[in-house]
Amino acid sequence: MDISSTSSSSSSSSDEDIIILLYAERRRKRRRFWVHPIITRREEQGEFYRLIQELKMYHERFRGYFRMSVSEFENLLQQLAPSLTKEQTHYRKPIDPEQRLAVCLRFLSTGDSYRTIASSFRLGVSTVSSIVRETCDALWHCLRDENLPVPTEEMWRSTARRFHERWNFPNCLGAMDGKHIFIQAPANSGSLYFNYKGTFSVVLLALVDADYCFLVVDVGSYGSNSDGGIFANSGLGKALRDGTLNVPPPSELPGAPELGKANHVIVADEAFPLKPYLRPYPGRRLPTDKRIFNYRLSRARRISENVFGILSQRFRVFQRTLQVQPSVVDKVVKAACVLCNYLRPKGEDQNHATEDDHDCEQPLQGFEHCRGQRASVEAQNVRELYKEYFNSPAGEVAWQYEHVNHAL
């Protein structure tokens, strides 16, 4: 009895081993080619070697393809080439820096899948994936010191001066807003990235200047986090709280020394709690003085929304759901932000743009409006001071009453 039982169990075990081996053999894929014939013909028929070289002769088409001019592309390549150059081995020839940059910019400007880009450039899908990741990293590290530096006190003063000149809002250090970048739900992430709109996202929090450039960006927070929590835990929020942002000391508002010195402020919308930076008065049936303050604040604050519009119109990848890992999303977003600054007009050319030129419709989802957070007395006093200034002869603008009355 014992012998038959032992024999039966060993036979059963042997059968299971055979089944496992057959299953493993069936799943094992035989590699037919070391390099696929389609990829070997890259230099004869690949998009980089044919179409892109022709586009360089037609600058408008080149700009539409890469979202930048030929000269901007070549200057960018010159800066990135040392970081993108790979060593040549005995096995295969490395992909040159220009083609790597072209692949990454094509991904940013279209949002096409890795497989689509791999087919058109005649590259492997995993190769495109690594190129996008490495090139975005190189863009951030090579461009940030010049195009997105850590703000100094002199930079803050320059930003405040530009806000006063262009948007009639003195002592303003920037406009702040946050947007959700839609992503495919990462594996085993539960509800971490699930936001209040029912989609999955990571959050981009940005502070922008009066000329539609990013000053500070913070990306990577979970879409499920509350707006106040995202800001409080961001590098920007912590720096403001700790006083390490080199913010200038309070100064008098132009033409109103009787009001005393006013804090330098950051303008934001109702999604953020009221702090010593500014957000509008809540409610609909407000007295005229508060409506005027809200109008003046909104006029300066909407620059941040316009910047997000410019970002998504220039780089169409943000008009799609990103189907990459969250760590790669962070690299893509930071690279796109620093590229936006790199591509902005420099110096006097910034003045040629009007408000209407930048009212870009943008698909990025904003924050949910903040409710139930108690403001400090200091924050309320700062807002009251600016409200009084905007309703005084020194701080008013001619069209604000017409606008407020028309809005009723």
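Where is the place of Y295? Y295 sits in helix 13; helices (H or I, at least four residues) and strands (E, at least two) are DSSP runs numbered from the N terminus. The model is predicted, so local features need pLDDT of at least 70 and side-chain atom pairs count only at pLDDT 80 or more, while totals for chains, interfaces and linings use all residues. Residues are numbered from 1 along each chain as its sequence is written, and side-chain values use heavy atoms, with hydrogens and water left out.

The protein has 16 helices and seven strands. Of its 408 residues, 47% count as buried. Buried means under 20% relative accessible area, exposed over 50%, and partly exposed in between (1.4 Å probe, protein chains only). Among contacts with a separation of 6 or more, 70% join residues 24 or more positions apart. A contact means heavy atoms within 4.5 Å.

Y295 is buried, because its relative accessible area is 14%. Residues up to four places away in sequence aside, Y295 touches W399, Q400, H403 and V404. Y295 and V404 are 109 residues apart in sequence, yet their C-alpha atoms lie 7.3 Å apart in space. R301 also belongs to helix 13, which covers residues 288–314. R301 counts as buried because its relative accessibility is 11%. Its contacts, again leaving out residues up to four places away in sequence, are A175, V267, A268 and D269.

The largest nonpolar core has 93 residues. Such a core is a set of buried Ala, Val, Leu, Ile, Met, Phe, Trp, Tyr and Cys residues joined through side-chain atoms within 4.5 Å. F214, F315, V332 and L339 have the most contacts inside this largest core. Helix 14 (residues 326–343) gives the largest share of the core, twelve residues. Apart from this core lies another, of 15 residues, among them W156, L215, A268 and A271. F315 touches L108, S109, A336, L339, C340 and L343, not counting residues up to four places away in sequence.

Helix 14 itself is mostly covered, with 14 of its 18 residues buried. From first C-alpha to last, helix 14 reaches 26 Å, close to the 26 Å expected at 1.5 Å a residue. The expected span is 1.5 Å times one less than the number of residues.

Helix 6 (residues 70–84) packs against helix 14 at an angle of about 125 degrees, with the axes 12 Å apart. This angle makes helix 6 oblique to helix 14. Axes are lines fitted to C-alpha atoms, for helices over the stretch in contact, and angles run from 0 to 180 degrees between N-to-C directions. Angles under 35 degrees count as roughly parallel, over 145 as roughly antiparallel, 65 to 115 as roughly perpendicular and the rest as oblique.

Most residues other than glycine have a negative phi. R122 has a positive phi, near 60 degrees, and is not a glycine. R122 lies in the loop between helix 8 (114–121) and helix 9 (125–147). R122 counts as buried because its relative accessibility is 16%. Y212, likewise not a glycine, has a positive phi of about 65 degrees. The loop between strand 2 (201–208) and strand 3 (214–222) holds Y212. With a relative accessible area of 3%, Y212 is buried.
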